[in-house]
Amino acid sequence: MVKTVVGDEAQLKAAEDRLFQSGVSAEVGLVIGNLSANSDRGFVYYLIPTPPTDGGGPACSLKREVSGNFGKDGKKGSKGAKAASEAPASLVIDADWVAEHARQVSRMLLGGMSVAGIYLWASEASFKATSPVVLAQAVKGVAQAAPFHDSEFGERLLIHVSYSPRRWSCRICTVSTGSLHPCDFKMSKLIASLQAFKCTYNFDIRLPIYQDGTSRVTLKDIIYKGITNLSKDLQCAKFLINGHMVTEDLQLLSKSTHDVEFLVPFNKTMSSGEFSSEEMAGLVSFNGSVVAFAYLAPREPFLQAISDLKCDITSTLRSRLEMIADEAEEGALSTNGGAEKSIHQLTLDELRKPCSLTFPRRVLVPWLDGLLICDYLQASETSEDIKDHCKEMMAMEAPIEVSTVVDLETTPSDMIARSFWHVAHEHLPSPSPSPSPAVECRKQHPTKAVQTARSQTSNFYFLLAILVLVSALVVGWAIGVFGPVNTPN
């Protein structure tokens, strides 16, 4: 349970000044920070205001309750109506819009940072006049839209920035019950003390497609399973930091970025073990390279950074898969459902030829005092396209210099189309992992695969028999010519 929350003084004071200068009477936004089930301390790095809705209205506003009670004489203008009109206005929050904002922002955050909750800018009277149920529902919507990697950890932050009187307060919201309870809140120099960890992770996952009644499973489901397998592999991986084996008493004093390398057991979660070739109808090859980052807060164990790096690897792959799905859904809506199905929506029954799917590539964007966030580019996009997105989602007022955007994942090389049997049994060399994650899917009738397998197996045994016969003839000839070799006593 989180007992104390520490916020970055410089960033939070700057956010407070912005709120006062804005002149608005109510505002809602996202709390960017870090909460962990392994620590009783929470961290807050930044507050991001939720942008206006599609209709141009604010995501949070004030509403004065209109009382239907009249005075004892039954007339308007009585003391009862007057008292109701003087009651403080309560907050009205567009919880769905705030949740969508949280979903978009969570994709842009690196390891060690997350959407930790929401903040509200309002007077003390308006905050108290708002039902706790309304507040809890807004926090719960954010938690569902931007879940933590540890799904069992169900706490989020609710920060109230009051302008009358001027003060900060923080509450812990238990998502499952909706309960709110106060916690200690203080500010200090936080961002300058963060340590950065970086990892380039190469992967090559092969997922058989079985003829066991799962032909209606989509390619998206299969890829998601591959990401889940990758996550399991990472959980048991060993690692090096700056090229050295790690001990529990490791001290990381350098402020430069620490390089991490994961050593994953070979074929730890290979999913083809218990199935015969007759049951396989195709294969999905999912490979590429992910550049992951994580930030570690002061006095936190370095193992937390390793855990956050692992989460960053899997979360960025899931985010890219969701982006492809979102784009396909938007395309279908814009054409009233008349658009062709995207590759990831195809089921095994609908797959008629080999196909490939390239994930959006990840780019790193400078954010706060040397910290980085990320964004994603499709193959047809350039770094110029991220400017508006960062301004809208992250409230970045300063213009982004394209030269400062770090593009470490390049466009993947062409995929080599291979038959099911060759890919499954390595009779042809595999292409090297693509810098940017990509998927190749090929369907083949199982009978053809089995026939190929049997033919190749028969050829192998035939060649082995000939090799044994030739070896025997050579040995016999050598004994006849040179005679038996006598071993000295």
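What share of the contacts in the protein with a separation of 6 or more comes from residues 24 or more positions apart? The share is 77%, where contact means heavy atoms within 4.5 Å. This is a predicted model, in which local features need pLDDT of at least 70, side-chain atom pairs count only at pLDDT 80 or more, and totals for chains, interfaces and linings use all residues. Residues are numbered from 1 along each chain as its sequence is written, and side-chain values use heavy atoms, with hydrogens and water left out.

**Figure 1. Overall make-up of the protein.** The protein has 10 helices and 19 strands. These are DSSP runs, numbered from the N terminus (helices: H or I, at least four residues; strands: E, at least two). Of the 489 residues, 46% are buried. Buried means under 20% relative accessible area, exposed over 50%, and partly exposed in between (1.4 Å probe, protein chains only).

**Figure 2. Two nonpolar cores.** A nonpolar core is a set of buried Ala, Val, Leu, Ile, Met, Phe, Trp, Tyr and Cys residues joined through side-chain atoms within 4.5 Å. The largest holds 61 residues. Ile-32, Val-105, Val-115, Leu-120, Trp-367, Ile-373 and Met-394 have the most contacts inside it. A second, separate core has 36 residues, including Leu-230, Leu-296, Ala-305 and Val-439. Beyond its neighbours within four places in sequence, Leu-120 contacts several residues, among them Glu-27, Cys-60, Phe-127 and His-160.

**Figure 3. Gln-11 in helix 1.** Helix 1 spans residues 9-22 and contains Gln-11. Gln-11 counts as buried because its relative accessibility is 12%. Its side chain makes a polar contact of 3.4 Å with that of Asp-369. A polar contact is a pair of N or O atoms within 3.5 Å; within protein, one must be able to donate a hydrogen and the other to accept it, and residues adjacent in sequence count only if both atoms are side-chain atoms. Not counting residues up to four places away in sequence, Gln-11 touches Tyr-45, Tyr-46, Ile-191, Leu-368 and Asp-369.

Figure 4. In strand 14 (residues 258-263), His-258, Val-260 and Phe-262 form the covered face. Asp-259, Glu-261 and Leu-263 form the uncovered one. Strand 12 (residues 238-241) runs antiparallel to strand 14, joined by 4 bridges; pairing requires that DSSP finds at least two bridges. Lys-238 stands opposite Leu-263. His-258 is buried at 2% relative accessible area. A polar contact of 3.2 Å joins its side chain to that of Asn-242.

**Figure 5. Aromatic pairs.** The whole structure has 7 aromatic pairs. Rings of Phe, Tyr and Trp (its six-membered ring) pair if their centres lie within 6.5 Å; planes under 30 degrees apart are stacked, over 60 edge-to-face, the rest tilted. Phe-20 and Trp-121 are edge-to-face, with centres 5.0 Å apart and planes at 80 degrees. Phe-20 is in helix 1 and Trp-121 in strand 6 (residues 114-121), so the pair ties together parts 101 residues apart in sequence. Phe-20 is partly exposed at 32% relative accessibility, whereas Trp-121 is buried at 2%. The Phe-286 and Phe-359 pair is tilted because the planes are at 45 degrees, with centres 5.4 Å apart. Both Phe-286 and Phe-359 are buried.
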